[in-house]
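Here's a short tour for anyone meeting this protein for the first time. Have a look at the model, then read on.

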Amino acid sequence: MPTGENPIYAPFFGVMGASSAIVLSAFGAAYGTAKSGSGICAMSVMRPEFIMKSIIPVVMAGIIAIYGLVVAVLVISAVEGPDKYTLYRGFLHLGSGLSVGFSGLAAGFAIGIVGDSGVRGTAQQPRLFVGMILILIFAEVLGLYGLIVAIYAYVK
């Protein structure tokens, strides 16, 4: 029987944390993939030999969704019935999902914009490739920061 410390709605917050982790990070990854992909298609008309080098932003955007998937699976596996699941844990799991989700969304947007401009620029000036990769790494790290905070909140 749920008590005041373990209300019946406590698991709702954990489930919403898991859902927001995967939905928001997948949305960021999808945007990054689509935006980078359009740049790759435009670039491949001029320089088709650069297509494989230009796939890097798409791969990096896909990694963002993996961060959300990891946290979503961790959180949803910890959600129990309302008699064992505290409201405190539910809030921690919600915060965990939101941190990785929103940071993944922001990272996906950054990867998409940099990937689009970067592959188009690399087609015109191949020396821009290293700079594009460095900027993409910094954008990817934003999602990694959210993953670190999410795992820390999860185990608290």
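V75 lies in helix 2; helices here are DSSP runs of H or I with at least four residues, strands are runs of E with at least two, and both are numbered from the N terminus. With a relative accessible area of 0%, V75 is buried. For the terms, buried means under 20% relative accessible area, exposed means over 50%, and partly exposed is in between, using a 1.4 Å probe and protein chains only.

Before going further, a word on the source: this is a predicted model, where local features need pLDDT of at least 70, side-chain atom pairs count only at pLDDT 80 or more, and totals for chains, interfaces and linings use all residues. Residues are numbered from 1 along each chain as its sequence is written, and side-chain values use heavy atoms, leaving out hydrogens and water.

So what does V75 touch, once its neighbours within four places in sequence are set aside? The list is G14, A18, H93, S96 and Y154, where contact means heavy atoms within 4.5 Å. A21 sits 54 residues away from V75 along the chain, yet the two C-alpha atoms are separated by 9.3 Å.

Helix 2 itself runs over residues 56–78, and its 23 residues should span 33 Å at 1.5 Å a residue; the end C-alpha atoms are 34 Å apart, which agrees. That expected span is 1.5 Å times one less than the number of residues.

| Pair | Apart along the chain | C-alpha distance |
|---|---|---|
| V75 and A21 | 54 residues | 9.3 Å |
| F102 and P57 | 45 residues | 19 Å |
| G62 and K84 | 22 residues | 35 Å |
| L134 and Y88 | 46 residues | 39 Å |

Now zoom out. The protein has 4 helices and 0 strands, giving the pattern α-α-α-α along the sequence. Its radius of gyration is 19 Å, well over the 15 Å that the globule rule gives for 156 residues, so the protein is more spread out than a compact globule. The radius is taken over C-alpha atoms, and the rule is 2.2 Å times the number of residues to the power 0.38. The C-alpha trace spans about 65 × 20 × 15 Å along its principal axes.

Of the 156 residues, 44% count as buried. Looking at contacts with a separation of 6 or more, residues 24 or more positions apart account for 85% of them.

What about the surface? The protein exposes about 7900 Å², and carbon and sulfur atoms supply 77% of that; the areas come from the Shrake-Rupley method with a 1.4 Å probe, and for residues only the protein chains shown count as cover.
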